[in-house]
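Good morning, and thank you for coming.

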Amino acid sequence: MSQLLINHSQDLKRLRDEGYQLEVCDGHLFVHHIPYVNIHKEVKFGVMVSTLNLSGTKTVKPETHVIMFNGEQPCDKNGVIINGIQHSSVSKRFSNGIITSLSFSNKPPQGYLNYYEKVKTYATIISSPAKALDENITETPFNPIIEWIFRGKFTTIPL
């Protein structure tokens with residue numbers, strides 16, 4: 001299902017083609033391998049999670065500008081929390097084992113027109129400080145996510 005949805009949705013296909021590590025689960029889009037800096041000025045990797053709005057097998061305009069995050073508070077390169085995107089700290093568990101504890105808000109005037117725009121904007125904000133500390137860091141590792149069957153259910157695992 002994930003690959004079919006990605007192939008039928010130009011915004012998701014463009015993200016995948018640019019090297020983002022995508023997963024679709026529980027009606028949400030998971031973007032793995034997002035580098036960030038924590039308060040100790042260490043580069044870590046988190047997962048961004050967005051609700052996923054669909055019409056059949058294609059994405060439509062995101063309903064919300066908010067994105068959830070699995071990881072510590074993202075900071076600037078000096079270890080200062082990026083306050084401009086803070087939204088809330090509410091935990092949510094997904095069936096793929098990911099638990100988000102943070103959500104961020106960065107709303108453009110017209111909202112996000114598609115998931116490409118939404119993911120790229122948040123990925124840039126969160127990962128830019130990590131890239132400033134290490135020029136080899138990237139949020140686009142070109143790591144595929146494979147689908148496999150576990151106990152009769154389709155599951156995805158990162159390679």
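L52 sits in the loop that connects β3 (43–51) with β4 (54–55); helices (H or I, at least four residues) and strands (E, at least two) are DSSP runs, numbered from the N terminus. The model is predicted, so local features need pLDDT of at least 70 and side-chain atom pairs count only at pLDDT 80 or more, while totals for chains, interfaces and linings use all residues. Residues are numbered from 1 along each chain as its sequence is written, and side-chain values use heavy atoms, with hydrogens and water left out.

Is L52 buried or exposed? L52 counts as buried because its relative accessibility is 10%; buried means under 20% relative accessible area, exposed over 50%, and partly exposed in between (1.4 Å probe, protein chains only). Beyond its neighbours within four places in sequence, L52 is in contact (heavy atoms within 4.5 Å) with residues including H28, L29 and Y115.

H28 belongs to strand β2 (residues 28–37) and, at 8% relative accessibility, is also buried. Its side chain reaches the backbone oxygen of D26 at 2.7 Å.

Turning to L29, its contacts outside four places in sequence include L52, M48 and V119. L29 and M48 have the most contacts inside the largest nonpolar core, which has 26 residues. A nonpolar core is a set of buried Ala, Val, Leu, Ile, Met, Phe, Trp, Tyr and Cys residues joined through side-chain atoms within 4.5 Å. To this core, α3 (115–133) gives the most, with six residues.

Key: A polar contact is a pair of N or O atoms within 3.5 Å; within protein, one must be able to donate a hydrogen and the other to accept it, and residues adjacent in sequence count only if both atoms are side-chain atoms.
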